Structure formats: C-alpha cells, structure tokens
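Subject: Structure handover and notes

Hi,

Here is the structure I promised to pass on to you.

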Amino acid sequence: MQPQYETTMKRPQLDFYEMGTGVTAFSSTRHGGYSTGNYEEFNINRYCGDSEENIRKNREALCKALGIGDDRLVMPHQVHETKVARIDERFLSLNAEERQEALEGVDALMTNMNGVCIGVSTADCIPVLLCDEEKHVVCAIHAGWRGTVKRIVVKAIEAMGEAYGTQPRHLKAQIGPGIHLDSFEVGDEVYEAFQQEGFDMEFISRKYPCGSQSFTLHSSLFTPHSSLFTSKWHIDLPACNRLQLIDAGLPKENISVSPVCTFLQAADYFSARRLGIDSGRIFTGILYS
C-alpha cells in the first residue's frame, strides 16, 4: 500500500479581537497545527523545545491564514524585562542572524507598517495588544508578573508616543488569555514586589488556602493535607495591567479583557503551570492589512 500524504495544509484555530478598521488581532489556541506532545498542536515559539520542522510548518500555516510572508511574522525572544523594539524598514532589511540579535531580550514590539504581524508568546503570562488608529500604529506586549511589576505596558505606551506621537486616549487595548486570580498562587516575595511598587493590593490580590485550586480541579481525588490549613497570596495579573492602561490615560471603554484563564483551560490554551515549561506557547499577534 502506498503511504498516505497530507494534501491540505492545516489551519490554525485563532481567537480574533475587534480592534479597528483594517486591523487583524488574535491569539492562537492549541488547535490546528502540526506539533505533538506538550506542544500539541499549534506552537511557533522556537525557545521552548519544540521541533524546528513543526514550528516551520505551523508558521507557514499561520502566514497563509494571515496572507503574509514568513519574513513579515515577527516575534521576539522575551526575557521578562521592559525593552520595546520598533519594527520598521530597517529591521526588515536585516538578515536572519541580525534579526535574531535585534529581537533578543525584547518583550514588546511596535510598528506602523502594513502587512507586518508583530506578536508575543505566552503560557500563563499576559499578552496585551494596543492599536492607535489615529497614527496607524500597533503594539504587542508580553507582561508576566515581572514585566507587570515593572509596568511594561506603560513603558510601551510611552515608546509609542516617542516614536509615533501616539496619545493614550486614542488607544484601544486587548488583554489576551492568561492566568487569572483564582489560579495564580504566588509566594510572599511576589506579593511584596507588587506592594513595594505601589499597587493597590486590596484590589489586585486575595489570600486563599494552599491547594484550594487543586481541590477545585480534583475534588474526587482529594485527601486532606495540612498545607490546606495555611494560606497563600493570589495576584490578578489581568486587573494589574488593566489598571496600568487606565492610569496611562486609556478610556475604560477602550480596554477589553479575555475571559480565558489558561490554567483552567489548558486543553485549549497553553499553560506552563499545568504542562510544564517544556510545552507550547500561545501567540498573540496584531497587524494592519
């Protein structure tokens, strides 16, 4: 019998957001790609251990769905800092090695170019998309807890202002899928980091019994444990970033927040806390057509 070859390319299943005329904004799900195991199915992040061939095929499928070439799909190597990179003609003229160097240590991208998809990778961290229709500018931000503490969204908005003249009141924002309050248990040192930076701890944090999330998810397997009689802090990362956007000058009605908690919906969205760090990543991207 002759081997059966796949004759049609898979199509990634994406969650789309309304952010403006001529703007395509989305987050990928785990479905509609070629990766396997903990990377199943759709992953385009090259820094988490997935097969390069599967990543190539997934990128090809995404670019086909977006109607762009692979050289116009731009994703940085994030390091939980606050560096913002501008994607322009100069960047597009770089060779592959030069591009990789330019994107090293970057956690936010911005561009005013048509047909260039910029995006960030997350698997519990918070992706934030910004769109300035007045100046024809978009931005993609990776906000883990460290980036959130360092107010990366505020720094990205300031960078857009310096580079393009963006006014915060003209921005629309989409906070994408990430870990939510009930699932994001943290150590005292994380709570204290937010407290020291002046966050409204009464609003963004709660104290829950240790293991309460595990009890909720696996009640049939639950055995009482002494750790449940202690408590740990939980932080609301989407709320933290929403408050920063408001403080930066965005109208509340211009900010949308995804209801997806990646930890609770790990069958459809990657979660490092559920799957381990050797697993795939959600890609949240934006581009002007």
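First, a word on naming: helices (H or I, at least four residues) and strands (E, at least two) are DSSP runs, numbered from the N terminus. Please keep in mind that this is a predicted model, where local features need pLDDT of at least 70 and side-chain atom pairs count only at pLDDT 80 or more, while totals for chains, interfaces and linings use all residues. Residues are numbered from 1 along each chain as its sequence is written, and side-chain values use heavy atoms, with hydrogens and water left out.

**The chain as a whole**

The secondary structure comes to 10 helices and 14 strands. The radius of gyration is 19 Å, close to the 19 Å that the globule rule gives for 289 residues, so the chain is as compact as a globular protein of that length. For that comparison, the radius is taken over C-alpha atoms, and the rule is 2.2 Å times the number of residues to the power 0.38. Along the principal axes, the C-alpha atoms fill a box of roughly 65 × 55 × 30 Å.

Of the 289 residues, 51% count as buried; that word means under 20% relative accessible area, with exposed over 50% and partly exposed in between (1.4 Å probe, protein chains only). The chain exposes about 13,700 Å², and carbon and sulfur atoms supply 47% of this area. Accessible areas come from the Shrake-Rupley method with a 1.4 Å probe, and for residues only the protein chains shown count as cover.

A contact means heavy atoms within 4.5 Å. Among contacts between residues at least 6 apart in sequence, 71% join residues at least 24 apart.

How many of the residues of strand β6 (residues 117-122) are buried? The count is 6 of the 6, so β6 is largely enclosed by the rest of the structure. In a regular strand the side chains alternate between the two faces of the sheet. Here C117, G119 and S121 point one way, I118, V120 and T122 point the other way, and all are buried.

Two strands pair if DSSP finds at least two bridges between them. β6 pairs with β3 in the parallel sense over 2 bridges, and 5 bridges join β6 to strand β14 (residues 282-288), the two running antiparallel.

**A three-stranded sheet**

There is also an open sheet of 3 strands in the order β10-β12-β11, with antiparallel pairing. β10 and β11 stand at the edges, each with a single partner strand, so one side of each is left without a neighbour in the sheet. Strand β10 (residues 185-186) pairs with strand β12 (residues 231-235) over 2 bridges, and V186 stands opposite W233. Strand β11 (residues 205-209) pairs with β12 over 5 bridges; in β12, the bridge partner of S205 is I235.

Q174 is found in strand β9 (residues 171-175) and counts as buried at 8% relative accessibility. Leaving aside neighbours within four places in sequence, Q174 is in contact with Y17, M19, P127, V128, L129, S256, V257 and S258.

P177 lies in the loop between β9 and β10. Is P177 buried or exposed? With a relative accessible area of 1%, P177 is buried. Under the same exclusion of neighbours within four places, the contacts of P177 include Y17, P127 and S258, along with C125, Y269 and I282.

**Backbone details to look at**

A cis peptide bond joins E40 and E41, with omega about -10°. E41 has its place in the loop between β2 (23-28) and α1 (52-66).

Which residues other than glycine have a positive phi? H80 is one of them, with phi near 65°, and R151 is another, with phi near 60°. H80 is found in the loop between β3 (73-74) and β4 (84-87) and counts as partly exposed at 28% relative accessibility. R151 sits in the loop between α4 (145-149) and α5 (152-164) and is partly exposed too, with a relative accessible area of 26%.

Happy browsing!
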